[in-house]
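Have a look at the sequence and the fold before reading on.

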Amino acid sequence: MKFFDRLKTIGVDVSKLTSINLLKINFTIDRSVHIDNSKSTLEINPAIFNGKQRRQIKTLLREQGLLEAGAILDSKETEIVDLVRSELPALQADISKFQAMIPVADLALLHACLYLRARFRSGNHVDDLKAEISKVYGQRGRNFSNLCTAGYLEDWFLPLYAELQSRHPGDPITAKSKFIGIYNTIVSELPWTVFICSSTSKPKAVSTVVGKINRNIQNGVRFLNLHGLGEKNSKKIASILPEIQKETGAIAAKMEQDTTRIFVRLEVPQT
Amino acid sequence: MRITFDESARDFILDTFGKTVRDGYIVEKSDPRQRVVTPRGEEIPIDEFAGIRKGSAVFVKTDIVSIIEAAEAMG
């Protein structure tokens, strides 16, 4: 029996409702039922039904409502949920492209970071989104969102995944296992990359970059990619480059800059 | 079809799924010492409760990661 029909059997008077797209549950309305046919909306106040009816409404929500709606959400979240749902179809191609290589435990992180990237590319501020992702996943989440926004999923992880698969033909489990090992190191430690964020002071940024370059040199790696998103961070990186180069001997082998981002590949020549 | 609830109906929704609130966190009604957690193991302060999504009645927090999962569950 349809949700709509089961409401009728409980005794909810929906005789004037032609169809239902939205059910609102609200204890502050004055009557048991409000109907808005222009929006196919039914608003009910369970407090005005008797105890048996309330129990039946709960059962209906639990057994059928949740399945049919997919979620039962606080009305305060409606705006953000609608925004996300409008963006999701455009993200689907990227989700499909990356999901095979990303560990299952990070798939929700991938979806969130692709959403953040889409918002950033549309010119929106994403600091709040990044903070929420960091709150859930910690520094690893912040790193992943930075890597995603800077294009590392396409430019680095995907080619690496393809390369490992081609090296292990017929053995996708080994290929994936090797990939995950490298992936985890990069996402957790960002060994070859520094993202300068707005809360990082210039002295701190210099010390982080110089420290990482020196550590990389000890490990035989003579480059570091420097990223900044947003005008403020772009200017900050441009202003600290001379000091970094002076302290490490690095040269800016590649530099891309516009009003929204900066990328600098620093390389330290062999002496 | 969509289903929403406003703040006045929050306890009703929690009760519908056998939960209640103790010390500011969502807990099992049958065992209030047992806090409800998300699939990532996070406890849920009541002021971060955004709702419930399908899939064994998963509790949703207000962060963007959880909201995206809920939006995907809505199809």
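Which residue of β8(A) stands opposite A:Leu224? That residue is A:Leu266. Please keep in mind that this is a predicted model.

Let us begin with the sheet. β6(A) and β8(A) pair over 7 bridges, in the antiparallel sense. They belong to an open sheet of 4 strands in chain A, ordered β5-β6-β8-β7, in which the pairing is mixed. β5 and β7 of chain A form the edges, each pairing on one side only. On average, and with direction ignored, neighbouring strands of this sheet are turned by 15° against each other.

| Pocket | Volume | Lining by class |
|---|---|---|
| Largest pocket | About 840 Å³ | 10 nonpolar, 18 polar and 8 charged residues |
| Second largest pocket | About 180 Å³ | 4 nonpolar, 3 polar and 5 charged residues |

The largest pocket has 36 lining residues, and nearest its centre lie A:Lys130, A:Ile196, A:Cys197, A:Ser198 and A:Asn233. In chain A, the elements giving two or more residues to this lining are α5 (127–149), α7 (172–189), β5 (193–196), α8 (202–218), β6 (223–229) and α9 (231–248). α5(A) gives the most, with 7 residues.

The second largest pocket has a lining that includes A:Tyr152, A:Trp156, A:Asn225, A:His227, A:Lys254, A:Glu256, A:Arg261 and A:Phe263. Here the elements that give two or more residues are α6 (152–167), β6, β7 (251–257) and β8 (261–267) of chain A.

Technical notes. Residues are numbered from 1 along each chain as its sequence is written. Chains are lettered from A and ligands numbered from 1 in the order in which they are written. This is a predicted model: local features need pLDDT of at least 70, side-chain atom pairs count only at pLDDT 80 or more; totals for chains, interfaces and linings use all residues. Side-chain values use heavy atoms; hydrogens and water are left out. On a 1 Å grid over the protein atoms alone, a cavity is a set of points where a 1.4 Å probe fits but cannot get out, and a pocket is an open set with protein on both sides within 12 Å along at least five of seven lines; lining residues have an atom within 4 Å of a point. Grid points are joined across faces, edges and corners, and a volume is the space filled by probe spheres set on the points. Ala, Val, Leu, Ile, Met, Phe, Trp, Tyr, Cys and Pro count as nonpolar, Asp, Glu, Lys and Arg as charged, and the others, Gly among them, as polar. Two strands pair if DSSP finds at least two bridges between them. Axes are lines fitted to C-alpha atoms, for helices over the stretch in contact, and angles run from 0 to 180 degrees between N-to-C directions.
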